[in-house]
Amino acid sequence: MTEHIDITEENITSTTKLNVLPKDSIKAFYEKVVNEDTCRRWLLELLRPDGTTCPKCKNKIADETTVKNFWSGRRCTCKHCGKKFYATHGSILAHSSFSMRQIAFMIILIALDISNKQIADIIGIHPDSVRLWRMNING
């Protein structure tokens, strides 16, 4: 049975506190809320602001199956030139062993200037990997 807590303004006093450390909150948010599909879509939209285009012939990909493959991270085939590619082709994401979820959250935490060690602890990777990503992102 789940207990319902009333959090309306009149029921919360100025002495009400949450006993959660910021690092623990971030890690809990990452583990429970951050979704692989949502992160993939967000990263691909950042990476490919023009949408679904072939990296070889630059034609817009319009057929439903290829568009679906593009946004889901599966291999695409351009109907115009026959090029087989992934949406991450030619980018920092192309050969990464990390999940899109890890990469997206790492980018956000780097932008917030969180330390490499803290980021590594939150998303479960080595601090040196975070350092390398930070160098690539910051140029």
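## Overall architecture

The protein chain contains 6 helices and 2 strands. This is a predicted model. Read from the N terminus, the elements follow the order α-α-α-β-β-α-α-α, with the two strands placed between helices.

Of the 139 residues in the protein chain, 28% are buried. Among contacts with a separation of 6 or more, 49% join residues 24 or more positions apart. The accessible surface of the chain is about 9,700 Å², and carbon and sulfur atoms contribute 53% of that area.

## Cysteines

The structure has 0 disulfides. A disulfide requires two cysteine sulfur atoms within 2.5 Å. For Cys57, the closest cysteine sulfur is that of Cys78, at 3.6 Å, which is too far for a bond. For Cys76, the closest cysteine sulfur belongs to Cys54 and lies 9.5 Å away, again too far for a bond.

## Aromatic residues around Trp71

There are 2 aromatic pairs in the structure. One of them is formed by Phe70 and Trp71, whose ring centres are 5.0 Å apart. The planes of these two rings meet at 80 degrees, so the pair is classed as edge-to-face; the cut-off for that class is over 60 degrees.

Both partners are buried: Phe70 has a relative accessible area of 1%, and Trp71 has one of 16%. The threshold for burial is under 20%, so Trp71, at 16%, qualifies.

Trp71 also has a charged residue over its ring. Arg41 lies over the face of Trp71, at 4.0 Å from the ring centre. Trp71 thus takes part in an edge-to-face pair with Phe70 and has Arg41 over its face.

Helix α5 covers residues 116-123. Its buried residues are Ile119, Ala120, Ile122 and Ile123. Viewed down the axis of α5, these buried residues fall within an arc of 165 degrees, so they line one face of the helix. An α-helix has 3.6 residues a turn, so residues three or four places apart point the same way.

Note on methods. Residues numbered from 1 in each chain as written. Predicted model: local features only at pLDDT ≥ 70, side-chain atom pairs only at ≥ 80, totals over all residues. Heavy atoms only, no water. Helix = DSSP H or I, 4+ residues; strand = E, 2+ residues; numbered from the N terminus. Buried < 20%, exposed > 50% of the residue type's maximum accessible area, 1.4 Å probe, protein only. Contact = heavy atoms within 4.5 Å. Areas by Shrake-Rupley, 256 points an atom, 1.4 Å probe, with all protein chains shown as cover. Phe/Tyr/Trp six-rings, centres within 6.5 Å; stacked < 30°, edge-to-face > 60°. Lys NZ or Arg CZ within 6 Å of the ring centre and 35° of its normal. Arc of directions from axis to C-beta.
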